[in-house]
Amino acid sequence: MSKIRIATVWMDGCSGCHMSFLDMDERLLELAEHIDLVYSPLVDLKDFPQEVDVTLIEGALSSEEDMEKLHKIRKHSKLLVSLGDCAVTANVPGMRNSFPVDSVLKRGYLENATLNQQIPLQVIPKLLPRALPLHEAVKVDLFIPGCPPHRDAIHYALSELIAGRVPDLSTHSHFGA
Amino acid sequence: MSPAVEIKTLQIDGKDVGARADQTILEVARENGIDIPTLCHLDGLGDVGACRLCLVEVKGSNKLLPACVTRVQEGMEVTAHSPRLESLRKIIVEMLFSERNHVCSVCVSNGHCELQALAASLGITHVRVPYLNPKLQVDATNRRFVIDHNRCVLCSRCVRVCDEIEGAHTWDHFGRGIDCRVITDLNQPWGNSDSCTGCGKCVHVCPTGALVEKGRAAGEMRKRQQFLPYLTLMREGRQ
């Protein structure tokens, strides 16, 4: 049986979901027999590959760059999974949503900065008006809530997908910790 | 001699049950091990049918009826669980999440929240309606407690416990529909309230992290609601 091509992506999140992924410890070795990790913050590859079976995305959709990436990822992924509360609900990144972007930037880069007070105009991607859950922009096939989702929930989801079944996360994970 | 008790017989989810005539569908269902989800209901407080989670189907009625405020009737055929009701209950809870800013992960009530638990028990893994992200106030003027409107679900438990049990009626509603808020006195800061006795009952009946004690970090706020049926019972005994 050929291996399943898996990608993981880190958008506007704290990397806690990836930590929880790594927290599967020795079970990662078992998983590695069935999956190929073709793209990830843990893999040194710059461009998202053409054909991916399952992509897990951590983090909310917060910038124009995220939006561009997300559409590309959706196009090249058979199954898209929202991993963790930021991807599922916008969570902490979404706490800026009741303020306009310019006052958020002003607060972060001017009022609270002691050195080089300036709002970045280059290199840093432009923020969207609101940080969004992924499914407000593209079709998402599976949701693993949790901050972070427990390693067992991630393991269960991947094991079911490897076995060719659709996992039912409703009893394995919930909003918050 | 106790006065004659009128007994009604009815069916809930196909199960034959007996009830006193003054009982609600919710009471009878729970007595018979049939769980109907609720959020605004709390044993020991009067019911108002605010959250709509306990809606049930009653044969012969084209409307859904809230089980907490619907009295039993002879021969009633009640459906408390059906695919239609499950799907309505899910979307009600999803809309509660979208209407305010419930960020479970950083909430003082994380892990001890009735809304969070309800979402989990209904199998909600995401919210299908867009989040509204309203800009809402946090009133920390009270010496010991905080009201965070971001996490309020307008269940009105605080309003009822303050009125019915404490007798102070500090809390009430203000505004309508999506603009509705709970307020203290005449929409004054809680810390300036003349009527508040500082008893904290409102804090402990609140199902979410909307009413909390000061000085709690994420996940540290546990509510103690056991006092309520006890208080009610003691008062009934004295009358």
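Mentor: Let us begin with a definition: two strands pair if DSSP finds at least two bridges between them. Please bear in mind that this is a predicted model.

Trainee: Which residue is the bridge partner of B:Asp139 in β7(B)?

Mentor: The bridge partner is B:Ile147. The strands concerned, β6(B) and β7 (residues 145-148) of chain B, are joined by two bridges and pair in the antiparallel sense.

Trainee: In what order do the three strands of that open sheet in chain B stand?

Mentor: The general idea comes first. Strands of a sheet pair through backbone hydrogen bonds, either parallel or antiparallel. Here the order is β6-β7-β10 in chain B, and the pairing is antiparallel. The edges are formed by β6 (138-139) and β10 (211-213) of chain B, each of which pairs on one side only.

Trainee: Is the pairing parallel or antiparallel in the open sheet of five strands in chain A?

Mentor: The pairing there is parallel, and the strands follow the order β2-β1-β3-β5-β7 in chain A. The edge strands of this sheet are β2 (35-39) and β7 (142-144) of chain A. On average, and ignoring direction, neighbouring strands are turned by 25 degrees against each other.

Trainee: How many bridges join strand β5 of chain A to β7(A)?

Mentor: Strand β5 (residues 77-83) of chain A is joined to β7(A) by three bridges. Within β7(A), A:Phe143 stands opposite A:Ser82.

Trainee: Which strands does helix α6 of chain A touch?

Mentor: Helix α6 (residues 151-162) of chain A packs on the sheet and touches β1, β2, β3 and β7 of chain A, its direction making about 155 degrees with that of β7(A). Helix α3 (residues 64-76) of chain A lies across β1 (4-10), β3 (52-58) and β5 of chain A, and runs at about 130 degrees to β5(A).

Trainee: How many helices and strands does chain B have, and why is chain B described as being as compact as a globular protein of its length?

Mentor: Chain B has six helices and ten strands. Its radius of gyration is 19 Å, close to the 18 Å that the globule rule gives for 239 residues, so chain B is as compact as a globular protein of that length. Of those 239 residues, 39% count as buried.

Trainee: How many residues of chain B are in contact with chain A?

Mentor: There are 20 such residues in chain B, and they are in contact with 23 residues of chain A. The residues on the side of chain B that touches chain A comprise ten nonpolar, nine polar and one charged.

Terms used. Residues numbered from 1 in each chain as written. Chains lettered and ligands numbered in written order. Predicted model: local features only at pLDDT ≥ 70, side-chain atom pairs only at ≥ 80, totals over all residues. Contact = placed C-beta atoms within 7 Å. Nonpolar A, V, L, I, M, F, W, Y, C, P; charged D, E, K, R; others polar. Helix = DSSP H or I, 4+ residues; strand = E, 2+ residues; numbered from the N terminus. Rg over C-alpha atoms; globule rule 2.2 N^0.38 Å. Buried ≥ 20, exposed ≤ 12 C-beta atoms within 10 Å, placed from the backbone. Axes fitted to C-alpha atoms, helices over the stretch in contact; angles between N-to-C directions.
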